[in-house]
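Trainee: I've got a model open and I'd like to learn how to read its features. Could you walk me through a few?

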Amino acid sequence: SQDSKGVIKPQMVDTFTVSPDGKVYSFVLREGLVFSDGKPVTAADVVASLKRWEKQDGMGEELADATESLVAKDDRTVVLTLAKPYGLVLDALAKQASNVPFIMPERLAATDPTVAVTEVVGSGPFLFKADEWVPGSKAVFVKNPAYKPRSEPADGLAGGKVVNVDRVEILTIPDGSTAVSALKNDELDYIQYVPFDLLPLLKGDDAVVLSHPEGPAATMGVVRLNHANPPFDNPKVRKAAQQAINRAEVLAAIGAGTDYGNADCVSIYTCGSPYASDAGTADIVKPEIAKAKAMLKEAGAEGAKIRILTVTSEDVERASSAVIVDQLRQAGFDVEVEPLEMNALFTRRKDKNPVDKGGWSAFVTNLSGYDLGSPVTSYYVVTACNPNYPGWSCDPRTKELVTAFYAEPDLEKRKVIAAEINARVTETVPFALWGEFTQPFGYSAKLSGVLPTGDPVFWNVKKAD
């Protein structure tokens with residue numbers, strides 16, 4: 001798993017070794033790992049689970065392509081032998097964003113990867129209560145008495161996962177005002193996302209603690225640009241669009257401001273993560289409308305018509321889109337706005353037609369910091385030249401650098417390659433940045449030990465009477 005700074009640490013693994021040539025990894029599982037069905041976790045379960053995951057995940061596919069064999073040497077030992085250099089074995093196994101290489105019993109891992117596993121069997125610190133699950137409303141977890149945590153302190157998603165409460169009920173409350181009122185009235189203990197505009201209701205309340213995720217758990221706002229059609233098939237026009245986007249103004253519009261926003265972050269990787277870089281970003285540190293207008297004119301695209309897909313069902317997307325649309329209009333673009341729901345975006349963005357035939361030019365979104373921790377987990381970087389990925393950006397040099405990143409086993413050398421990718425992506429602009437921010441969460445002052453992870457976890461948490 002990864003700690004709060006994105007450093008990879010053993011979790012189910014007790015010890016591991018790597019051969020001098022970097023091709024053979026031997027992992028020994030911790031003693032006492034038990035599934036929630038009462039069966040011990042074995043190396044065979046790990047092998048079957050990883051082989052299933054490899055068929056569902058981009059990093060998994062790359063790891064499988066580099067693998068000669070993955071076998072269970074004995075009940076607690078997994079041996080991975082590479083067929084060719086691959087520097088991201090540990091990064092792949094410690095992946096925190098979808099798809100996560102979770103370990104399940106071999107009998108479940110044998111399920112066709114295209115078919116959902118319906119039986120919930122894990123080996124973690126909590127047990128899922130399927131008999132109390134109400135889809136879309138309530139999920140219940142209870143303490144797993146058979147779980148043996150690591151001895152290290154909890155840190156991010158790594159370390160010892162000590163459970164101090166008997167039961168956790170997770171409720172889905174779509175209305176932010178209702179959730180905030182419930183927290184203030186001691187009817188809830190924790191809110192995953194506190195809407196920015198409702199923060200004043202909680203600030204100054206001694207019974208409530210406000211916090212936000214730290215390190216690689218931040219969120220990055222981006223504008224995905226369509227490279228398949230004019231005008232964003234022209235890199236000069238894409239750079240003009242990036243120059244027009246004032247990150248501080250956008251972050252202020254969503255309510256993040258300086259407390260929860262970082263307008264100075266120009267890295268394509270989450271600022272504060274191991275690969276964060278400012279290589280090649282000098283021109284976008286201080287965005288300027290006047291400069292953007294001049295760049296657009298020089299590109300021969302002044303008054304170019306663009307259609308931006310804006311999501312109206314999410315507060316952050318709606319507010320950020322409104323400001324970005326205005327900034328692009330000031331820069332000289334003729335902007336048409338197409339509002340739609342989030343789910344509709346996933347279908348709409350597949351349309352590759354030109355704008356005058358119903359296509360689109362860009363859409364505004366935000367991405368998890370866990371996905372943006374490296375070039376091989378960043379969607380719009382690792383999919384360079386993928387003909388099936390909406391946006392259809394293709395820069396052969398980026399693809400070459402990503403391949404080199406995959407193969408390099410040395411962390412410091414990978415950082416050099418990551419910086420080159422940062423500079424190249426900033427130059428070719430598969431997406432424009434509109435600001436890094438963290439979504440605040442709130443919890444009762446009765447709680448202690450709450451970890452500032454991007455997705456909430458409830459080990460390490462204690463609740464006072």
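Trainee: How do the residues of the lining of the largest cavity divide into nonpolar, polar and charged?

Mentor: Before that, a word on the source: this is a predicted model, where local features need pLDDT of at least 70 and side-chain atom pairs count only at pLDDT 80 or more, while totals for chains, interfaces and linings use all residues. Residues are numbered from 1 along each chain as its sequence is written, and side-chain values use heavy atoms, with hydrogens and water left out.

Mentor: Now the general idea: rolling a probe the size of a water molecule over the atoms shows where empty space is left. Here a cavity is a set of points, on a 1 Å grid over the protein atoms alone, where a 1.4 Å probe fits but cannot get out, and lining residues have an atom within 4 Å of a point. The lining of the largest cavity divides into seven nonpolar, two polar and no charged residues.

Trainee: Which residues line the largest cavity, and how much space lies in it?

Mentor: About 80 Å³, where volume is the space filled by probe spheres set on the points, with grid points joined across faces, edges and corners. The lining is Gln242, Val266, Ile268, Ile284, Val425, Thr426, Val429, Phe431 and Leu433. Two elements, α15 and β15, each give two or more of these residues; helices (H or I, at least four residues) and strands (E, at least two) are DSSP runs numbered from the N terminus.

Trainee: Where is Val429 found?

Mentor: In the loop between α15 (411-428) and β15 (431-437). Val429 has a positive phi of about 50 degrees although it is not a glycine. With a relative accessible area of 2%, Val429 is buried (buried is under 20%, exposed over 50%, partly exposed in between, using a 1.4 Å probe and protein chains only). Asp186 also has a positive phi, about 65 degrees, but at 45% relative accessible area Asp186 is partly exposed.

Trainee: Which residues have the most contacts inside the largest nonpolar core?

Mentor: A nonpolar core is a set of buried Ala, Val, Leu, Ile, Met, Phe, Trp, Tyr and Cys residues joined through side-chain atoms within 4.5 Å. The largest one has 59 residues, and those with the most contacts inside it are Leu63, Leu82, Tyr86, Val89, Phe405, Ile421 and Phe431. Helix α1 (residues 43-54) supplies the largest share, six residues. Apart from that core lies another of 46 residues, including Val325 and Phe437.

Trainee: And salt bridges: how many does the structure hold?

Mentor: Side chains of opposite charge can pair when their charged atoms come close. The cut-off puts a side-chain nitrogen of Lys or Arg within 4 Å of a carboxyl oxygen of Asp or Glu, and the structure holds 26 such bridges. One of them joins Asp91 and Arg414 (3.6 Å, N to O). That pair links helix α3 (residues 89-93) to helix α15, 323 residues apart, and both partners are buried.

Definitions and conventions:
1 Å grid on protein atoms, 1.4 Å probe; cavity = no way out; pocket = protein on both sides within 12 Å on 5 of 7 lines; lining within 4 Å. Nonpolar A, V, L, I, M, F, W, Y, C, P; charged D, E, K, R; others polar.
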